[in-house]
Amino acid sequence: MSIRSLYYALSPELRLLVRKIYYWPHDLYRKLFGKKGIMEPGKGDIYIGSGDFIEQGKKQAQQLKEHIDLRSDDVVLDIGSGIGRTAVPLTEIITTGQYEGFDVVKKGVDWCQKNITTKYPNFSFKFVPLHNDLYNTFDTKVSEFRFPYPNHHFDKVFLFSVFTHMKTHEIQHYLKEIQRVMKPEGKCLATFFLYDENTEKAIANNEGFSFPHQFSEGYRLMNKKVESANIAVSIPLLQKMTENAGLEIENIQHGYWSGLVSKETAGHFQDIAIIKNK
């Protein structure tokens, strides 16, 4: 059994605890010697993503500027705001607009409220107790969750590494909610693991990051026991789901996760889909 499989075999609470313990020496060293940034959580507290927290956040902010023309006066929604990886650099971009974010992990929301909202009151974070077998054991179903925002409120919506941890019917529901809260002609940037018939063999056998479990509905899983661990969605299925939600795919930028595009060419790990409201 691989280390990744062992990690996913743990309960959501144990995963967070194991990470905290594993990185405790590293975080203590950085704190004692003043190497941790003011708006940077400890590595043991970062429960999503990989790589340098600050640099990855800056890359995501740049992607938002490049792909959906993020502006200083935009009203934006960050779905799965986590522990502020994207929000931190956006404090320097969204100066006259409004940022709203929500997440299913309370420790991330608490950190953002304490370290970001207190300094930037136009940045707001909400905790939503939704079930996700990767992060928690709450009972509330994602497919029944209504975003706590009014219709046609946001200029831009974005999700980094959220749809990669959701079941297909949950993705469909979220797409419908995005359509509801996004203004006409508004744009959404979302990251996925995407495939089609030409790339399916490559991702099924890709070393270190594969999706061996295939389902006829048009998706593949990395781990059958933890359905939200990582999911790859076929491009035809994504097109169908966006159309069902009243949205349309404007563009897809492939990432280098599958090995089909080089890191130098793509510059980003996951695939990026730009989705537009009709």
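**Helix H9 and its neighbours**

Okay, let's start with a crossing: helices H7 and H9 cross in a right-handed way, meaning that the near helix is turned clockwise from the far one by less than a right angle. Helices here are DSSP runs of H or I with at least four residues, strands are E runs of at least two, and both are numbered from the N terminus.

Before I go on, this is a predicted model, where local features need pLDDT of at least 70, side-chain atom pairs count only at pLDDT 80 or more, and totals for chains, interfaces and linings use all residues. Residues are numbered from 1 along each chain as its sequence is written, and side-chain values use heavy atoms, with hydrogens and water left out.

Back to the pair. H7 covers residues 168-181, H9 covers residues 235-244, and they pack at an angle of about 40° with their axes 8 Å apart. The axes are lines fitted to C-alpha atoms over the stretch in contact, and angles between N-to-C directions run from 0 to 180 degrees. So H7 and H9 are oblique to each other; under 35 degrees would be roughly parallel, over 145 roughly antiparallel, and 65 to 115 roughly perpendicular.

Who's touching whom? From H7 we have Thr-168, Ile-171, Gln-172, Leu-175 and Lys-176, and from H9 Leu-237, Met-241, Thr-242 and Asn-244. Contact means heavy atoms within 4.5 Å.

Now H9 by itself. Ile-235, Leu-237, Leu-238, Met-241 and Thr-242 are buried, which is under 20% relative accessible area, while exposed is over 50% and partly exposed lies in between, with a 1.4 Å probe and protein chains only.

Take Thr-242, which is in H9. Thr-242 is buried, with a relative accessible area of 1%. Leaving out residues up to four places away in sequence, Thr-242 touches Leu-175, Leu-247, Ile-249 and Ile-275. Just after H9, Gly-246 takes a positive phi of about 80°.

Last, the whole chain: it has 10 helices and 11 strands, and buried residues make up 51% of its 278 residues.
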